[in-house]
Amino acid sequence: MGVEQRLLQRFFFDATFSESDTNYLATRQLTVVRRDDSYRAVNTRLSTVVFGRTAFALLFQTGRNSSDDAAYEFTSHQFGCEISHRF
């Protein structure tokens, strides 16, 4: 699920949300492993075009994995920038 919005006639904002649920089972007959994970992520991007052919974007992503086994829980935050040029 996502949204896109134009801001101040020059900037473009995009945001998406994703989620997934995964159930893990044992791969060996004698191993007792059962785990359920849920992952949720939000991605955002703010971009603009400069000099007619060059695009610049700032990116941010955050995600969280929840699990019934605490060893597999984590939270992640990532930042980035992107520059592209068309010929």
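# Briefing: side-chain pairs and surface of a predicted model

A salt bridge joins the side chains of Arg40 and Asp21, at 3.4 Å from N to O. Arg40 lies in strand 3 and Asp21 in strand 2, so this pair ties together parts that are 19 residues apart in sequence. The model is predicted. It holds five salt bridges and two aromatic pairs.

**Salt bridges around Arg40**

- Arg40 also meets Glu19 in a salt bridge, with 3.1 Å between N and O.
- Glu19 is in strand 2 and Arg40 in strand 3, so the bridge ties together parts 21 residues apart in sequence.
- Which residues do salt bridges with shared partners join into one network? They are Glu19, Asp21 and Arg40.
- Arg40 is partly exposed, because its relative accessibility is 31%.
- Asp21 counts as exposed at 56%.
- Glu19 is exposed too, with a relative accessible area of 51%. The cut-off for exposed is over 50%.

- The side chains of Arg45 and Glu82 form a salt bridge of 2.7 Å, N to O.
- This pair links distant parts of the chain. Arg45 sits in strand 3, Glu82 in strand 5 (residues 74–85), and 37 residues separate them.
- Arg45 is partly exposed, with a relative accessible area of 27%.
- Glu82 is partly exposed as well, at 32%.

**Aromatic pairs**

- The structure has two aromatic pairs.
- Tyr39 and Phe74 have ring centres 6.2 Å apart and planes at 35°, so the pair is tilted.
- Tyr39 belongs to strand 3 and Phe74 to strand 5; the two are 35 residues apart, and the pair links distant parts of the chain.
- Tyr39 is partly exposed at 24% relative accessibility. Phe74 is partly exposed at 41%.
- How far apart are the ring centres of Phe60 and Phe79? The distance is 4.8 Å, with 40° between the planes, and this pair is tilted.
- Phe60 is in strand 4 and Phe79 in strand 5, 19 residues apart, which again links distant parts of the chain.
- Phe60 is partly exposed, with a relative accessible area of 27%. Phe79 counts as exposed at 71%.

- Thr54 is located in strand 4.
- Is Thr54 buried or exposed? Thr54 is buried, because its relative accessible area is 16% and the cut-off for buried is under 20%.
- Beyond its neighbours within four places in sequence, Thr54 is in contact with Thr48, Val49, Ile83, Ser84 and His85.
- With His85, the side chain of Thr54 makes a polar contact of 2.8 Å.
- Thr54 and Ile83 are 29 residues apart in sequence, yet their C-alpha atoms are 7.1 Å apart in space.

- Strand 1 (2–7), strand 2 (11–25) and strand 4 (54–67) each give two or more residues to the patch.
- Leu7 is part of strand 1. Leu7 is partly exposed, with a relative accessible area of 34%.

- Most residues other than glycine have a negative phi.
- Leu8 lies in the loop between strand 1 and strand 2.
- Where is Phe51? Phe51 is found in the loop between strand 3 (34–50) and strand 4.
- Phe51 counts as exposed, because its relative accessibility is 80%.

How values were computed:
Residues numbered from 1 in each chain as written. Predicted model: local features only at pLDDT ≥ 70, side-chain atom pairs only at ≥ 80, totals over all residues. Heavy atoms only, no water. Helix = DSSP H or I, 4+ residues; strand = E, 2+ residues; numbered from the N terminus. Buried < 20%, exposed > 50% of the residue type's maximum accessible area, 1.4 Å probe, protein only. Contact = heavy atoms within 4.5 Å. Polar contact = N/O pair within 3.5 Å; in protein donor to acceptor, adjacent residues only side chain to side chain. Salt bridge = Lys/Arg side-chain N within 4 Å of Asp/Glu carboxyl O. Phe/Tyr/Trp six-rings, centres within 6.5 Å; stacked < 30°, edge-to-face > 60°.
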